[in-house]
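I opened a notebook page for this structure and wrote down what I looked up, step by step.

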Amino acid sequence: DGKELAYMSDVGRNWNIYVVTIPDGQVRQLTRNEAEDGLPVWSPDGQHIAFISDRDGEWGIYLMNPDGSEQRKILDLGTQLPNWQEETLSWSY
């Protein structure tokens with residue numbers, strides 16, 4: 001609905017997923033671990049955020065609720081490090 005923006009940031013030299021509320025600028029950190037989490041994208045219905053992570057030693061696509069709960073891996077991607085500047089995730093039906 002355009003009221004929140006999901007993004008990745010390397011605050012503290014570790015990539016995590018955050019959400020900022022528009023227009024008040026309130027920020028919530030959704031992932032908190034030593035792994036690299038990035039490339040967040042909202043589902044079309046706003047019920048989930050997909051992202052990639054290497055939290056189990058290999059890259060994968062994960063889903064979570066918009067509040068950061070129920071983070072779960074849905075697809076293995078292997079061990080090759082993604083290029084954060086060129087890669088994207090998108091929803092398709």
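I began with the turn between strand 1 and strand 2. This hairpin has six residues between the strands, and glycine 12 takes a positive phi near 75° there. The model is a predicted one.

Strand 1, residues 4–9, runs antiparallel to strand 2, and six bridges join them.

I then turned to strand 3, residues 27–29. Strand 3 pairs with strand 2 in the antiparallel sense over three bridges. Valine 20 has valine 27 as its bridge partner in strand 3. The hairpin of strand 2 and strand 3 has five residues between the strands, and its glycine 25 takes a positive phi near 80°.

Which way do the residues of strand 2 point? I found Asn16, Tyr18 and Val20 on one side and Ile17, Val19 and Thr21 on the other, and all are buried. In a regular strand, side chains alternate between the two faces of the sheet. Because six of the six residues of strand 2 are buried, I put this strand down as largely enclosed by the rest of the structure.

Is isoleucine 17 buried or exposed? Its relative accessibility is 0%, so isoleucine 17 counts as buried, the cut-off being under 20%. Leaving out residues up to four places away in sequence, I listed its contacts, among them Tyr7, Met8, Leu30, Leu39, Phe51 and Met64. I also checked isoleucine 49: from isoleucine 17 it is 32 residues away in sequence and 9.8 Å away in space, C-alpha to C-alpha.

Note on methods
Residues are numbered from 1 along each chain as its sequence is written. This is a predicted model: local features need pLDDT of at least 70, side-chain atom pairs count only at pLDDT 80 or more; totals for chains, interfaces and linings use all residues. Side-chain values use heavy atoms; hydrogens and water are left out. Buried means under 20% relative accessible area, exposed over 50%, partly exposed in between (1.4 Å probe, protein chains only). Contact means heavy atoms within 4.5 Å. Helices (H or I, at least four residues) and strands (E, at least two) are DSSP runs, numbered from the N terminus. Two strands pair if DSSP finds at least two bridges between them.
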